Amino acid sequence: MAQRNFSSPLRISAIADITLFLLVLHAAGLLSFHLTAAARNSNSKRIDDGGIKVPASLSGSARHIVATRNLPLTLRCPIIITSEDVRILDLWWMKDGVKLDAYPITNSGQQQQTNSQQSQPLIQTSTQAHYHPPSSPSSSSSSSSSSTSSTSPRIVITKEGDLHFEKINHKVITSGQRHRNYSDEGDYRCVVKSPLGVVLSSVISVSVAQSADTKSTQEVKTKSGEPTLLECQIASFSSYHSSSDLRFTWFRGDNVTITQELDVRYNILSSGTLAISRVNSSDAGTYRCVSWDEASKHERISFVSLVILPGHDNVSSEPPKILSTPTFTEGKTVLILEEEESTTLDCVASGIPLPMINWVMTINNDNGTLSVQVTHGRYFRNSINITSDLLVRGSSDVNFTCIADNGLGPVSRTIQVFQLPALQREPVSYQYPPAKTVRFECKVNPIFSLIWYKDGQVLEAGKGRVKVKGNELVVSNTIRNDSGFYQCEVIADDRVYAVGTARLLVNNSRDAPDAPTNVECIENHPTALTVSWKQPSNFKDIHAFSVHYMPFRGAETQRVVSKEVSTVEISSLIPHTNYSIYVRSYSTKSASVQSTLVVCETTEDVPLNKPPQMKMERFGPPSQVRIYWKRLTNKEARGKIILYKLQWRSVDGEFSNVRYIDGESEEFLITDLDPDQDYELRLIPSTSMGWPARKDSMEWTRVNASIFANRNSTNNNESHSIIFDEYFAAPSMHLTVLNSTSALVNWSEPPRPKEISVKGFRITYSTKSERVKDVVFFGPITVYNDNAREHLFTNLVSGATYEFYLQTWGTGWESSVASKFIRTFTDSDDEQWLNSGEGMLTTVSGLQVHPISSTEVRLKWDQAMINNTDGHFYIVKYNQVDTSEIHTLSSTRESVEIIGLTPYTSYEFVVQLALKDGRFGPYSQKIESRTLPGIPGVPINLHWRVLNQTIVEVEWKPPSPPNGIITKYWVEFKLNKVNNTAPNSQNSTSGGSATAITTSTVTTTTTAAVTNGSWAVKPTSNTSIFLNELQINEYYAVRVKAETRAGTGEPSDIVMVRILTMRPAPPVIVESLPQDEPTTGQNPLSNDQQRLGIIIGLALSAVFVSLCVTIILCRNRFFPLISRPPLGTMYVNGNGHPPRAMRSLESINCVEMKVLVGLTSVDGHLDTKGGHPVANGNVPSATDPLLVHISRNASNRHDNHDDETIPNCVH
């Protein structure tokens, strides 16, 4: 097609149209921006600080105070009251984050009782303010607060709010391992409470200087020829002390003053450290450092003893090394200076030859990196004085690097220096309506970190509506309770350098709807809660509700529902967790306050995992091991752990021993182990909802036989067995039943070797639980008194059987276990008969089980210790694990064979001794065993699908029952010529089913119907397989067998598989066919006819496309004015109505309800012929209008919005 030439007027018209469109778009954007800004200003405004001003930072002398012991001290409260209308409700001081016990005093200077109701001016203000003392004493008061008014307290709060010490205490008492600090050193801050909220002051650090000399002498050892540093001990002075206020003088021996004039090898650093470039034997001796503090007028003396060791005289060269001076202490990378403060950085380096030392200053800013050498090179020691003129104020990257080089490779150390103030921009106070997002910014240097407070309490940022984004604190979806004081604490090196304060006032709008009432929740699921509420009275003005829920110390989540909904289910919750829930209602103008807060708890669920970090130790005989474990976290436990199931078995053993342990226990003693055998342990927890879903597949923990090695053995003693018995002999125990719920345990100690130190005793008991139909172990109860000989047990169950276990323990040692049974009284019991022990039979022990086949096991046990051997027998009970159906049989021998079991199934076994006179003993300890695998069943649900012309995928489900672990599947297939004459195109092309049977065209058949060829076999461990290289349009018979360790099972039903493709039909003579019999497989259209239809279709398409292009070009060329409407022309909708110039309330009032706009029409009219009363023509979503953002005009696309997806007021 030839290129079309547009006329010049037409080109000018097109350019004008584009220019006009861009101008209108720009003007709309500017208008939208200004309207949005105006809307923001109309809904939020800056407010004052509420008459309470907190200075962001204090000067160095006010922030760091050095006090003198036994002298008075007054700390001024930095908070300033700037308005007469401020009412102070309370004021207190904190030391190191804990409320300080101090008494407020009256104007007359007398102590004021804390329960006084008289109002007195308390805080220093620029105007008058009043403080109202609390009506009851503080809960943190110590015993000193109970003194009478005649006793003068040492620490008081003055009427101006200052903290006054009558005298400063500084005493540290160390007695053995006990350390008590009576020092007044610490970080102090005053706290003021008003009706507007609570504010914290900046931190005032107090340290105590002492005038006492150091009695001890520090010893320093250095090799001859090497450099050394002797530190002047000034630790008694404040850790915040500037070295510029100190003067240091060093003396050697008999008052010989050390100077560089005396010896050029001596250098006294700015920190007072004495540096000696290369020591020799004549330098050995005692050195004395005298430090004088100009501020406190105190002198301190410290002593250093220098010991010279033989050096290496044959060393000719050594790389440089920077020594650890106070400038470069371990891990120190940042130095913070006060405003206008100067300091000196010292760098000392050693090496052979002595290295040359230079200081380099590096400044990183937006213009790049600038590095300047700021000192001349010097040997051994080089210092630089840092002043305000040398620093770039406010820069985040001013680094000073010490570089030492002696030709063997340079070394360097860098320190970043920053000068205060730390807070470069304070947060601003605001007043906002509800449902807004508020931002408080504290601009600080990256070397500082921020801690945010709300009304004096640390905010848990990042949870729910409160988040921290860089230096900003973001509070979204505000409510009235968010009003108060917000403060950012600027911290570096565990010191507080500044505090930024701002106030937030959330005012309810007059147009705000009422909050929902009668909020309730139903607790009926581990991961879901059903919340319902009653809709408020002004329901007609409400457009949506939001449900807010938050776990304890977790993030808040919110969900929006339409106004017709008053019940919602919250899902994906954490089991066994308390959730705080409230509901808010929304209109197009504002949001309500939150409803009454309700707390609901999700129900328990089964645990997710076993306890972590199981530890095994042996302190007693080789046959017993004590195991310890840690409790599961709440997230893993998902409820209260009420029971543990402990299993242990020998490696590759045929059965496992089982003990059930109370959920409060964290340790258990396993006995009767073989010291030469390796074991495997597994501990499974349970809640009230049951055991973990994958308990049978949980890993076992292996215990090697080396742990059973006797750590207390005496290999050199010939009478080892006697010593062994003395070491681990169990105590003698006696049980007395006192009543139906109490029993007394008495014991006595056997003779033991003198080197054994007995520390106490452990008592464990067990009784039967109906929950597991077995005994449960409780304890141990540890007695920490080696002289104790009895212990009373109460709250026992009447008529229940208990077994008590007792052992002695000491440091790294424990004895064997003594055990006995008792049964508590019932109304018909004979007390003398029970306590005599004649009514109790022994417990069957040595229980073992050996699987014989997939359906049979052999159970055996040790012979019972009983006098009447003729009249006893044994009762055997067994059942499948986690089932309630119990099978019982009896035997007069100590073994029995049990048949008729299910293949590869776990069973529990217990044995009980019984007498023919009707007496029964307690059941033995339970053991578990699994029957051997059996032949698997038939794979089921066999089906297939075609992937391409040569590959078919065959899938199936495992057999039921599997009778073991399926180790392999055998897929058999072969070409079947019998069914090729009966194709089933519907089943063959889309896949077949093993259960689908039709007449004449079958996809499933029996083995007898397949007679052609031999079976090809493909193994797989999966439940699907790909059969490739199949012939198209041919039938294949496919079947699957499963295999376990016991063998291969029967094959599945046969599935007929066919890859069907269309192929040209052979030539036929149409005239020879009957008219009512169509040709089988013949295409009704020939290939020539098909090609002709395609050519005609393409030609018609080309004609229509050309016609459309011609009409459009002709219209634009011959009718330019008609094709473009003049300016001012108004478009109308399909119903003839002009669109409304409507703007949502959100764009005018900045009430961020954008997810609610368009829920209902303004006038309720909706024309289904195309008109809609929405200005931008975008109809709100009909599926869920509350969870999507309404599309805006192009002019509003530059607006910034927060990422909340609920009705929210951000900005």
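1. Helices (H or I, at least four residues) and strands (E, at least two) are DSSP runs, numbered from the N terminus. With that in hand, look at the hairpin of strand 33 and strand 34: five residues lie between the strands, and Gly 407 takes a positive phi near 90° there.

2. A word on the model before going further. This is a predicted model, in which local features need pLDDT of at least 70 and side-chain atom pairs count only at pLDDT 80 or more, while totals for chains, interfaces and linings use all residues. Residues are numbered from 1 along each chain as its sequence is written, and side-chain values use heavy atoms, with hydrogens and water left out.

3. Back to strand 34 (residues 411-419), which has two pairings to check. Strand 33 (residues 398-405) pairs with strand 34 in the antiparallel sense over six bridges, and Cys 402 stands opposite Arg 413. Strand 27 (residues 334-337) pairs with strand 34 in the parallel sense over four bridges; here Leu 335 has Val 417 as its bridge partner. As background, strands of a sheet pair through backbone hydrogen bonds, either parallel or antiparallel.

4. Next, an open sheet of three strands, in the order 19-23-22 with antiparallel pairing. Strand 19 (228-230) and strand 22 (266-268) stand at the edges with a single partner strand each, so one side of each has no neighbour in the sheet. The twist averages 20° from one strand to the next (axes are lines fitted to C-alpha atoms, for helices over the stretch in contact, and angles run from 0 to 180 degrees between N-to-C directions). Strand 19 and strand 23 (residues 274-276) run antiparallel and are joined by three bridges, with Thr 228 opposite Ile 276.

5. Another open sheet has three strands in the order 67-68-71, again with antiparallel pairing. Its edge strands are strand 67 (848-851) and strand 71 (895-898), each of which pairs on one side only. From one strand to the next, the twist averages 20°. Four bridges hold the antiparallel pairing of strand 67 with strand 68 (residues 857-860), and His 850 stands opposite Arg 858 in strand 68.

6. Which peptide bonds deserve a look for cis geometry? One joins Ile 352 and Pro 353, with omega about -5°; Pro 353 sits in the loop between strand 28 (343-352) and strand 29 (356-365). Another runs from Ser 960 to Pro 961, with omega near 0°, and Pro 961 is in the loop between strand 76 (952-957) and strand 77 (968-975).

7. Two residues other than glycine have a positive phi near 55°: Arg 638 and Lys 773. Arg 638 is in the loop between helix 3 (634-637) and strand 54 (643-650), and is buried at a relative accessible area of 16%. (Buried means under 20% relative accessible area, exposed over 50%, partly exposed in between, with a 1.4 Å probe and protein chains only.) Lys 773 lies in the loop between strand 61 (758-769) and strand 62 (774-783) and is partly exposed at 48%.

8. On charge pairing, a search of the whole structure finds 33 salt bridges (a side-chain nitrogen of Lys or Arg within 4 Å of a carboxyl oxygen of Asp or Glu). In one of them, the closest N and O atoms of Arg 439 and Glu 472 are 3.7 Å apart. Arg 439 lies in strand 37 (residues 438-441) and Glu 472 in strand 42 (residues 472-475), so this pair ties together parts that are 33 residues apart in sequence. Arg 439 is partly exposed at 29% relative accessibility, as is Glu 472 at 24%.

9. Glu 667 and Arg 626 also meet in a salt bridge, at 2.8 Å from N to O. This pair links distant parts of the chain, with Glu 667 in strand 56 (residues 667-670) and Arg 626 in strand 53 (residues 625-628), 41 residues apart. Arg 626 is buried at 3% relative accessibility. A network of salt bridges links Arg 626, Glu 667, Arg 762 and Glu 814.

Conventions:
Pairing = 2+ DSSP bridges.
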